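This report describes selected features of one protein model, beginning with a single side chain and moving on to pairs, patches and backbone details.

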Amino acid sequence: MSAVVAQAQHIFGIRAGVVNNLCFFDEQIIIFPCGNYCVKYNVDQKWQKFIPGSEKSQGMLALAISPNRRYLAISEVVQDKATITIYELSSVPCRKRKVINNFDFTVQKFIALAFSPDSKYLVAHTGTPESNLVYWMWEKQKVMAIIRTDNQNNPIYQVSFNPQDNTQICVIGNGIFKLFRYAEGTLKQTNFVRGEPQNYLSHAWISEERIIVGTDTGKLFLFESGDLRWETSIVCRETPSDTKKLEVVNESESLIEFPTPSSPDYSNEQLFVEKSESQNMTLPQVSAIAIYSKGFACSAGLGRVLLFEKMEEKDTYRESREIRIPLDQHSNDPSQSNKQEIVCMCFSPSEETLIISTSKSQLYSIAMSLTEISKGEPAQFEFLMYSLHSAAITGLAVCIRKPLIATCSLDRSVRIWNYETNNLELYREYQEEAYTVSLHPSGHFTVVGFADKLRIMNLLINDIRAFKEFPIRGCRECAFSNGGHLFAAVNGNVIHVYTSTSLENISNLKGHTGKIKSVAWNLDDSKLISCGTDGAVYEWNLTSGKRETECVIKSCSYNCVTISPDSKIIFAVGSDQTLKEIADSSVLREVSAFDVVYTSLVISHSGRMVFVGTSTGTVRSMKYPLPVNKEFNEYQAHAGPVTKMTITFDDQFLLTSSDDGCLITWKVFDKDGRGVKREREVGFAEEVLVTKTDMEEKAQIMLELKTRVEELKMENEYQLRLKDMNYTEKIKELTDKFIQEMESLKTKNQVLRTEKEKQEASHNTYVEDLLEKQSRELQDIECCNNQKLLLEYEKYQELQLKSQRMQEEYEKQLRDNEETKSQALEELTEYYEAKLHEKASLLEEAQDDARQQMREFEETKKQIEEDEDREIQDIKTKYEKRLREEKEANLRLKGETGIMRKKLVPVPPESRGPAPKSRASRWSGPGCARSRSAPCPGPA
């Protein structure tokens, strides 16, 4: 490994193409992708920490943070292989927890990720043509289920878990809105959307059963348990002042009502109603939705966010606020700055801040408290950090006297950064694309090559202002000399050299046959080195304007060239995957790049460190003399080819830019400690340029303001005196008035007191009369009540006697009923017991009879079987005997037949005896013992 180490210090940029590219780690720290890193950025303290991508990664595709904010999942493609890496955010630095890259199914890339509510499961969706939804228990790298979500290669935009249920998943895409339920090892779709398919762009879970979904035509759909409940439309109207105002109308007020399924009003009703006479209407894309405690926020077209709040009295949501991306006054066309699509939005954990990212790689934020203040006009977002590049960075430069970095980009902007404060100092956007930039060593001027012209500009205190234009179209390379008195600009295959003071063209260097890709000055500015696509590296003498040395390799298209501090060695990199050392028109050494193309190159001012950028976005650091083997450190820096590299004058910081629009500052260390720390003789300059006109205008404004302040002060003093006099008179009047009122109140009080005493005396008399009357009435009532009480007592005695008699009668009846009941019970018991005995005896007789019949049946069966066996035996014996007799007869006949054959042998006629008997007579003789019942068989 090399002794030269580069450590990422700060990154300027964000990658807009990563799905879910913005999330909160805690209240102050956000996470977003930039280059080949994920950046943890503290919004309050402005520091950055980095989570590096996988080695040999081809770029991040999607992010997902777990609900407990402990884990971060990153989808990448590493060496053409899909990979998901899960980092543990709580550890410092963040460490890899799991790497999932071995799959039993076909996958090219994962385009969307989501964690389950308990953070134990991970769901990922593959890209086309597979379009598979994969459900993992990620700790064990176990695939729980997999299902294909689409067969028509439609794009998928987002996946998510139900915030209360690990087993329910939502997938949206072009024409796709599907809910899946995990059960028994499989994922099963639980909903089927009716009606015409929509291009669903974003969604969020409002509750366990409800999902709000947005489309590319400005529609919001509310689904409950997979069924469509409401269809609403958001319409943007373009006002005459060329600003758009969202008009949301539902009869008399803007409401989104979410009724229960049993509601009689349930239908696919449009609540956001367009007026029939509406014109100049556009359909905004709802590309992002975020939920918070009061409701939800959604994008409403380009540069706009709408907040919807839940109403307390009923289950409805109402549009409460509109938030806009502000106009950018630094742009050539400020009205274009708010025409950015919002790709992601999220609320902080406390819901105090809303942050969005846009399609133009910008980050904006707003404090939710500000939205409460702005009742009438729409609230305005502000930059979370500063304005960022939104396209490939094509130019990069530093100066000596100030800690400034100049960049230009295909987004038509020029930006000046400060690598000490990590802030954006100046920026301006133009009509033409900017291809190259160079800073004057003083930091007061810059040269920028645009598509139409080359411009030299002043860096003012608050602006970048051109003061000279050169007719060089499409200048791709320019560079100030180390002394700043000259600058070179490339025009195709010609290098024009100008003076910085008179701005005259002092030399035109011609000789290249292809486009010049890079130029570099030697230390004393006496020579200029150039390389191009024609495979030539030339060293020019500026005094004579002719080539001093040249090295041409037709097979190599060079990308970058530089020269050692002692001006003896030229370093060049190109398409042949080598780093060349060139001296005296010949290649001294070639160091292999090991299967990558070097795109940029820089050597430290000490001459001991060499840094190269590759086409894969990595940065390599090595010491000089150059190593033969792989003795270098390689860093995963960018997500695209490194376009430019430079190093600060004190060799403390390395700066790299890329096609991904990101700028990275690196802190450089040399473990050998030789010549790295270069002490600055003079500190950085703090002077800035201000034009005389600006100063005069500001002085005039200050003078006018001072005059105005004096006038206001005199006017205020006069007004104060008038108010004092007025207030003194008012106080006197009020004092007199109050004294008079007090006197009248005292008199009134005395009158009231006299009346009170009179009323008290009359009241006492009245009370005494009432007490006497009450005592008399009480005595009368007591007497009356005593008489009534005696009568009632006598009635009570009679009723008590009557009750006793009735109780005795009822007890007697109860005893009689009990005796009757017991007697009837005994009779019934005896009757049914008798019947039970009778039935039992009958049952026993039937059982005996059945047993007897069974015994008889068995006996009969046995006898029949024995008879049959005897009969079969007799028949068998009879026929066996007959068979033996037949066999014996057959044998006997065979013997007789043999004898007869011998007798029938032919003999001469003369020796013949008498004619033999006929056949019938022969068999009818006494020798035949066959009876009539068994006829004799014929001859065998």
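Lys453 has a relative accessibility of 33% and counts as partly exposed; buried means under 20% relative accessible area, exposed over 50%, and partly exposed in between (1.4 Å probe, protein chains only). The model is predicted, so local features need pLDDT of at least 70 and side-chain atom pairs pLDDT 80 or more, while totals for chains, interfaces and linings use all residues. Residues are numbered from 1 along each chain as its sequence is written, and side-chain values use heavy atoms, with hydrogens and water left out.

**Salt bridges**

Side chains of opposite charge can pair when their charged atoms come close. A salt bridge here is a side-chain nitrogen of Lys or Arg within 4 Å of a carboxyl oxygen of Asp or Glu. The structure holds 29 salt bridges. Three of them are listed below.

| Acidic residue | Basic residue | N to O distance |
| Glu469 | Lys453 | 3.0 Å |
| Asp463 | Arg465 | 3.7 Å |
| Glu429 | Arg415 | 3.9 Å |

The salt bridge between Glu429 and Arg415 links distant parts of the chain, with Glu429 in strand β38 (residues 423-429) and Arg415 in strand β37 (residues 413-418), 14 residues apart. Helices (H or I, at least four residues) and strands (E, at least two) are DSSP runs, numbered from the N terminus. Arg415 is buried at 1% relative accessibility, whereas Glu429 is partly exposed at 22%.

Glu469 and Lys453 also meet in a salt bridge. Glu469 lies in strand β42 (residues 464-470) and Lys453 in the loop between β40 (445-450) and β41 (454-459), so this pair ties together parts that are 16 residues apart in sequence. Glu469 is partly exposed, at 37% relative accessibility.

In the pair formed by Asp463 and Arg465, Asp463 is buried with a relative accessible area of 14%, and Arg465 is partly exposed with 34%. Elsewhere, salt bridges that share partners join Arg70, Glu88, Arg95, Arg97 and Glu139 into one network.

Helix α2 covers residues 692-903. The helix has 212 residues, but its end C-alpha atoms are only 168 Å apart, short of the 316 Å that a straight helix would reach at 1.5 Å a residue; the expected span is 1.5 Å times one less than the number of residues. Its buried residues are Asp694, Ala889, Leu893 and Thr897.

Asp869 in α2 belongs to a surface patch of negative charge, together with Glu858, Glu859, Glu865, Glu866, Glu868, Glu871 and Asp874. Patches are made of residues with over 30% relative accessible area and no salt bridge; like charges are joined within 9 Å, and nonpolar side chains (Val, Leu, Ile, Met, Phe, Trp, Tyr) within 5 Å.

A nonpolar surface patch is formed by Ile461, Val688, Val690 and Met695, with about 340 Å² of accessible area together. Val690 lies in the loop between β61 (663-670) and α2 and is partly exposed at 32%.

**Backbone details**

Most residues other than glycine have a negative phi, and most peptide bonds are trans. The bond from Thr128 to Pro129 is cis, with omega near 5°, and Pro129 lies in the loop between β11 (121-126) and β12 (132-137). Another cis peptide bond joins Tyr624 and Pro625, with omega about 10°.

Gln141 has a positive phi near 50° and is partly exposed at 37%. Glu184 has a positive phi of about 55° and is exposed, with a relative accessible area of 78%.

Note on methods:
Accessible areas come from the Shrake-Rupley method with a 1.4 Å probe; for residues, only the protein chains shown count as cover. Lys and Arg count as positive and Asp and Glu as negative; His and the chain ends are not counted. The place of a charge is taken as NZ of Lys, CZ of Arg, CG of Asp or CD of Glu.
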